[in-house]
Amino acid sequence: MKLWRHHSLQKPLHQRLHPTFKPIPKQIHTFSQFSQDPQITAILSLIDKGNFVPTSVSYSKLLSQCCTTKSLRPGLQIHAHITKSGLSVDPNIRNHLINLYSKCRSFRYARKLVDESSEPDLVSWSALISGYAQNGLGGGALMAFHGMHLLGLKCNEFTFSSVLKACSIVKDLRIGKQIHGVVVVSGFEGDVFVANTLVVMYAKCDEFLDSRRLFDEIPERNVVSWNALFSCYVQGDFCEEAVGLFHEMVSSGIKPNEFSLSSMVNACTGLMDTSRGKLIHGCLIKLGYDWDPFSGNALVDMYAKVGDLADAISVFEKIKEADIVSWNAVIAGCVLHEYHEQALELLGQMKRSGICPNIFTLSSALKACAALGLKELGRQLHCSLMKMDMESDSFVGVGIVDMYSKCGLLEDARMVFDLLPEKDLIAWNAIIYGYSQNGEDIEALALFADMHKEGIRFNQTTLSTILKSTASLQILHVGRQVHALSVKSGFPSDIYVVNSLIDSYGKCSNVEDAERIFEECPIGDLVSFTSMITAYAQYGRGEEALKLYLEMQDTELKPDRFVCSSLLNACANLSAYEQGKQLHVHILKYGFVSDIFAGNSLVNMYAKCGSIDDAGHAFSELTERGIVSWSAMIGGLAQHGHGRQALQLFDQMRKEGVSPNHITLVSVLGACNHAGLVTEAKRYFESMEELFGLKPLQEHYACMIDLFGRAGNINEAVELVNKMPFEANAAVWGALLGAARIHKDVELGRRAAEKLFILEPDKSGTHVLLANIYASVSMWENVAEVRRLMRNSKVKKEPGMSWIEVKDKVYTFLVGDRSHYRSREIYAKLDELSDLMEKAGYVPMVEINLHDVEQSEKEQLLYHHSEKLAVAFGLIATPPGAPIRVKKNLRVCIDCHTAFKFICKIASREIVLRDRNRFHHFKDGSCSCGDYW
């Protein structure tokens, strides 16, 4: 590779070597506390007492020893003695002093000695440049090189190596190429030491092709040459290529050393390849390099990052003198794989061993505190970082913000964020995520707006977090604005953003847009399918959710517990018992049986599909029962009419130390309501705040009013409404209207309906119930008036719909429906049942039909209600003796309720009907509700 032919290298040297540098950071003028050598201290004591007068050679040896051990304080004392003895003009001693100060980062003293030299000295400048480079201060090294060059000093191989290393540090390829030109002109391109440094410089500047060409041109490559190349490949994340180079080196007959093997361990870490890593570990032991601290640290890091913490700790414990790198590797590994308690235990051991943690240690510890919610320990770590004057560092600052956010201390997180001198994208993401995760979604959106105003470019993490907040707030227009921003910024096909958009649109009830984005996504992953299935399930499109699951299975994606839970909810809403059972098998197959999330959904699904026995079995198998588990089972028992069992389970829950929430108490009051347990309900309702610290909400008042109404205590129901501490909502007035219908109380019904016309003007149920009340007392003119009001208000009556599942398919029926492919058989079955029921004493309740038609037509309309059609289909499509499970979207009418008591006895079948309010189990001529619904 003839880089020296490049035209930029043909300019005169004095025109080329004028790099633009930033000022040297303030930190490099100061020095830290370095170690002290006892032997040097003893010699200094002898010099102070006059018992020993060193020569120039003695001072040189002492300074070399100080340099090796980085003993700065003794070095300063020796310098004082040298000045006192008049030997400071000795060039050899001066060079030793410059080397010492440079190695110990005391560059002010080193540069002063260089500048005070009467004659330019290559050794002095080389020591200074080397000191800058070795301490990672590439800019300082290049400035020193520029100063040396202006003095006309020619470089040697050591100077070139140091200055090329400086180019690698600052990643300045332009200067690096210029230095390369000087190397060629000076005749050092064949020096293996300089050639190795050139290989590294080009690789560090991401010019791997040029690096490899230079490497290939080295006439006599040694192990250092190979190490230089593949260590750069590892650092550049070309780990597979690095392993290939290693094999090439071994094949060429060059024996690897400890540095070669350490680089290979790092390559295996990058590839997450434990098997090859263990082979390299074996080579280290075989070649006797397992004592090497670099190799030990690399092994600890590898085993920790791949999650093999037992081996990581085993290697760690064998390191004779574990340094800060060793401790950081094992602690970071524990945090990475969520062994947070162990990480903090190791931090304690590290402190007790006498090693002080650095910012990387404390950053890992902050993550552990964040995961465990350890607020006080997190504050202590923050204080430690303040003492180290590192809290303003961007990397550390983000860690502190994240820790406080995850511990729920948003004020502290915001304070740290506001004090950051430079807020980059990661810092903004941390604070926005913190507010979003803690439910402060409006503030998260406000911060996003501020970030946008500041001109900070967002990424997919920002967009995903903001879309989560829009989903939580259910503000569709903001979600659409964020969607537009994502398209404009080039993120429309990013899988994380796509998944967040599907989730946001789904939770904002815009299933159509969620569906469109899902279909446009080129590659859907598990999260995409989960979000879309959840959206379908939540908004009454359970059949689409189940179909999409079948599509997902075709892609060979394995479901997780969240998918299974959403699908079970879809089955619950459809009353799809058989498909729910199949999903139960999938849960067993994929090992989610002990997962509380999936377990709760199973309890809920079986309860809502009409099998309270299966729900009880699923509940009993839960290894861990939270409040959601108990509430689901109590609610299920209540809906199935097992009021007393529900209350017994509630008492058991309290004995086990689980406190109820508002939802649990709604289920408890519902259980009392369905079982007619007025006294028990009053006791629970009146003691809610005293016993459980929960104030009754609208839902609890609605339960009590409905209970009083059904029990005939109309006055108590009205009195309770009047005593409510807040304005009654539609649920409360709806309960009162239902009570008025049961007891034919026209005035109360009219009052409740007037309130509902204001609160829910588009709901047809209010008009229907009010018309029923008028019809029950033969006020036909008022019935007609209500119908006119419905027409004028353009309110459409919600059609009665019923669903039944047969052979893994859900069928839907409307009143008088003839669209089913077996409708002729269904209606024939209804005619057959009609004759048998009339012989058994059934009389159609035509008075509940408000249509102004003949008696025979009213009877016909009653026979063709959607739930009767579904039951008739169940009788002809399912095996004899099998239970028939039907779901209806409205409250079952009294005629259908009566008819099913006859049909279950005639057909010798159990009929399980789920209506809007509860479950009805018809068996042997009676219903589980005891005609109380």
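Helices here are DSSP runs (H or I, at least four residues), numbered from the N terminus, and buried means under 20% relative accessible area with a 1.4 Å probe, protein chains only. The model is a predicted one, so to speak of local features takes a pLDDT of at least 70 and side-chain atom pairs count only at pLDDT 80 or more, while totals for chains, interfaces and linings use all residues. Residues are numbered from 1 along each chain as its sequence is written, and side-chain values use heavy atoms, with hydrogens and water left out.

The buried set of α19 runs through Ser326, Trp327, Asn328, Ala329, Val330 and Ile331, then picks up Gly333, Cys334 and Val335. At the start of the helix, Asp323 puts a side-chain oxygen within 3.2 Å of the backbone nitrogen of Val325. After α19 comes Glu338, with a positive phi near 65°.

Further up the chain, Ala141 sits in helix α8 (residues 138-150). Ala141 has a relative accessible area of 0%, so it counts as buried. Setting aside neighbours within four places in sequence, Ala141 is in contact (heavy atoms within 4.5 Å) with Ile129, Tyr132, Ala133 and Ala166. The C-alpha atom of Ala141 is also 7.8 Å from that of Ser162, 21 residues away along the chain.

Arg541, by contrast, belongs to a loop, the one between α31 (526-538) and α32 (542-554). Its side chain makes a polar contact with the side chain of Glu515 at 3.4 Å. Such a contact is a pair of N or O atoms within 3.5 Å; within protein, one must be able to donate a hydrogen and the other to accept it, and residues adjacent in sequence count only if both atoms are side-chain atoms. Beyond four places in sequence, the contacts of Arg541 are Val511, Glu512, Glu515 and Tyr536.

That leaves the cysteines. With a disulfide taken as a pair of cysteine sulfur atoms within 2.5 Å, the count comes to zero. For Cys407, the nearest cysteine sulfur is that of Cys369, 6.9 Å away; Cys407 counts as buried because its relative accessibility is 7%. For Cys508, the nearest cysteine sulfur belongs to Cys521, 19 Å away, and at 11% relative accessibility Cys508 is buried too.

Terms used: Buried < 20%, exposed > 50% of the residue type's maximum accessible area, 1.4 Å probe, protein only. Helix = DSSP H or I, 4+ residues; strand = E, 2+ residues; numbered from the N terminus.
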